[in-house]
Amino acid sequence: MVDLELLAVEHAAKAAESPHGRSAHLVLHDGVLRQTVIALTAGTSLDEHNAPAAASIQVLRGRVSLTITGHLQELSAGQLHPVPQERHGLLAHVDSVVLLTAVTA
């Protein structure tokens, strides 16, 4: 069993110590299913990248925005949102931790 709260605390601390302001940990890898905890410090972003076959993002702590071709979709702690099937990025408005669930083909 995985304790997401403990992972959020651990990786928020690692992100705070990192010169890049982020930390990630693959929580589950089962065939095509992957779940990753990603921690970002305030103002840190993940550059635009291609979407997996299917994905969602759940905000465990903080407030982030999915950046989709110039549009921002803001998400707060407790919210779950599908990741669009187009290039996208992620921006942390405050220190944040998310759970990315992705299905790869």
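Predicted model: local features only at pLDDT ≥ 70, side-chain atom pairs only at ≥ 80, totals over all residues.
Reader: In which order do the four strands of the open sheet stand?

Author: Strands of a sheet pair through backbone hydrogen bonds, either parallel or antiparallel. Here β5 runs antiparallel to β6, to which six bridges join it, and β5 also pairs in the antiparallel sense with β8, over four bridges. β8 in turn pairs with β3, again in the antiparallel sense, over three bridges. Put together, these pairings give an open sheet with the order β3-β8-β5-β6.

Reader: Which strands stand at the edges, and why is one side of each left without a neighbour in the sheet?

Author: The sheet is open, and its four strands follow the order β3-β8-β5-β6. A strand at the edge has a single partner strand, so one side of it is left without a neighbour in the sheet, and the strands in that position are β3 and β6.

Reader: How many degrees does the twist average from one strand to the next?

Author: The pairing in this sheet of four strands is antiparallel. Going from one strand to the next, the twist averages 20 degrees.

Reader: Which residue in the turn of the hairpin formed by β5 and β6 has a positive phi?

Author: The strands β5 and β6 run antiparallel, and in their pairing S65 stands opposite E74 in β6. The loop between β5 and β6 includes G70, which counts as exposed because its relative accessibility is 79%, and exposed means over 50%. The hairpin has two residues between its strands, and the one in the turn with a positive phi, of about 40 degrees, is T69.

Reader: How far apart in space are G70 and H88, C-alpha to C-alpha?

Author: G70 has its place in the loop between β5 and β6, whereas H88 belongs to β8, where it stands opposite H49. In sequence G70 and H88 are 18 residues apart, while in space, from C-alpha to C-alpha, they are separated by 9.1 Å.

Reader: The side chain of E74 meets another side chain in a salt bridge; which residue is its partner?

Author: E74 lies in strand β6 and its partner lies in strand β5, so the pair ties together parts that are eleven residues apart in sequence. E74 is partly exposed, with a relative accessible area of 41%, and for R63, also partly exposed, the value is 28%. The salt bridge spans 3.4 Å from N to O, and the partner of E74 is R63.

Reader: How many residues apart in sequence are the parts that R61 and E5 tie together?

Author: The side chains of R61 and E5 meet in a salt bridge, at 2.6 Å from N to O. R61 lies in strand β4 and E5 in helix α1, so this pair ties together parts whose separation in sequence is 56 residues.

Reader: What is the distance, N to O, in the salt bridge of R87 and E48?

Author: R87 is partly exposed, with a relative accessible area of 40%, and E48 counts as partly exposed too, at 38% relative accessibility. The distance from N to O between their side chains is 3.9 Å.

Reader: How many salt bridges does a search of the whole structure find?

Author: Among them are the pair of R61 and E5, the pair of R87 and E48, and the pair of E74 and R63. Over the whole structure, the search finds a total of four.

Reader: Which strand supplies the largest share of the lining of the largest pocket?

Author: At least two residues of this lining come from each of β3, β4 and β8. The largest share amounts to three residues, and the strand that supplies it is β8.

Reader: How many residues of the lining of the largest pocket are nonpolar?

Author: The lining holds no charged residues and three polar ones, while the number of nonpolar residues is nine.

Technical notes:
Residues numbered from 1 in each chain as written. Heavy atoms only, no water. Nonpolar A, V, L, I, M, F, W, Y, C, P; charged D, E, K, R; others polar. Buried < 20%, exposed > 50% of the residue type's maximum accessible area, 1.4 Å probe, protein only. Pairing = 2+ DSSP bridges. Axes fitted to C-alpha atoms, helices over the stretch in contact; angles between N-to-C directions.
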